[in-house]
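Visitor: I have a protein model open and would like to learn how to read it. Could you walk me through it?

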Amino acid sequence: MKTQVNIVAVVDVIGALSVKTLLDGNLCMVDDGAFDSAHQGTADLVTVVKPGQVVSWTALAVDLQTPVEIKNISFAPAGGRNGAAPSGPAMSPPGTQGTMTGGTHGQAHGQEESEGDKLDLDVWTGVVPHWMTPGVPYQYRLELQMYEGSNSVMSIDSPALMCQ
């Protein structure tokens with residue numbers, strides 16, 4: 001088993017900013033996990049993981065002149081069940097490793113910066129907790145910041161992690 005799964009979000013920043021959505025082909029996500037993740041190359045990626053694995057997220061822009069960064073990753077309750085929902089990975093700045101913690105409404109944490117500040121997080125990481133229910137997809141919200149301004153942050157709620 002690989003000890004780390006890398007998830008890459010490839011963003012057509014100009015397309016997303018033009019139509020104000022990450023859908024319609026403006027976002028595709030892929031992972032390099034050892035298991036058969038579902039919906040590779042779409043915004044609905046379900047990454048299959050094992051407890052204890054490190055998960056790393058990175059955002060890349062198709063157009064290299066327009067930057068994109070991960071602003072936040074937060075987890076929703078699995079299947080609407082309170083108490084069994086994952087808390088998101090405690091995200092950490094590049095070079096350090098966070099851990100997933102228990103709770104009813106998890107949220108990933110990154111380096112806090114005020115609106116409009118240039119984000120400098122290149123990789124968000126977390127560790128898959130041992131209490132995740134196998135076969136249950138834990139959806140998360142991926143917030144991306146593209147350049148600067150009031151319309152520069154967009155999010156999508158469809159990707160998920162699922163323990164094998």
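Visitor: What does the accessible surface of the protein chain come to, and what percentage of it belongs to carbon and sulfur atoms?

Guide: Accessible areas come from the Shrake-Rupley method with a 1.4 Å probe, and for residues only the protein chains shown count as cover. Here the total is about 7700 Å², with 52% belonging to carbon and sulfur atoms. This is a predicted model: local features need pLDDT of at least 70, side-chain atom pairs count only at pLDDT 80 or more, and totals for chains, interfaces and linings use all residues. Residues are numbered from 1 along each chain as its sequence is written, and side-chain values use heavy atoms, leaving out hydrogens and water.

Visitor: What pLDDT does the protein chain average?

Guide: pLDDT is the predictor's confidence in each residue, from 0 to 100. The average is 79, and 73% of the residues score at least 70. Over residues 80–116, pLDDT stays under 50.

Visitor: How many helices and strands does the protein chain have?

Guide: Helices (H or I, at least four residues) and strands (E, at least two) are DSSP runs, numbered from the N terminus. There are one helix and nine strands, in the order β-α-β-β-β-β-β-β-β-β.

Visitor: Why is strand 5 largely enclosed by the rest of the structure?

Guide: Buried means under 20% relative accessible area, exposed over 50%, partly exposed in between (1.4 Å probe, protein chains only). Eight of the eight residues of strand 5 (residues 68–75) are buried, so the strand is largely enclosed.

Visitor: Which sense does the pairing of strand 5 and strand 7 take?

Guide: Two strands pair if DSSP finds at least two bridges between them. These strands pair in the antiparallel sense over seven bridges, and Ile-70 has Leu-144 of strand 7 as its bridge partner.

Terms used: Contact means heavy atoms within 4.5 Å.
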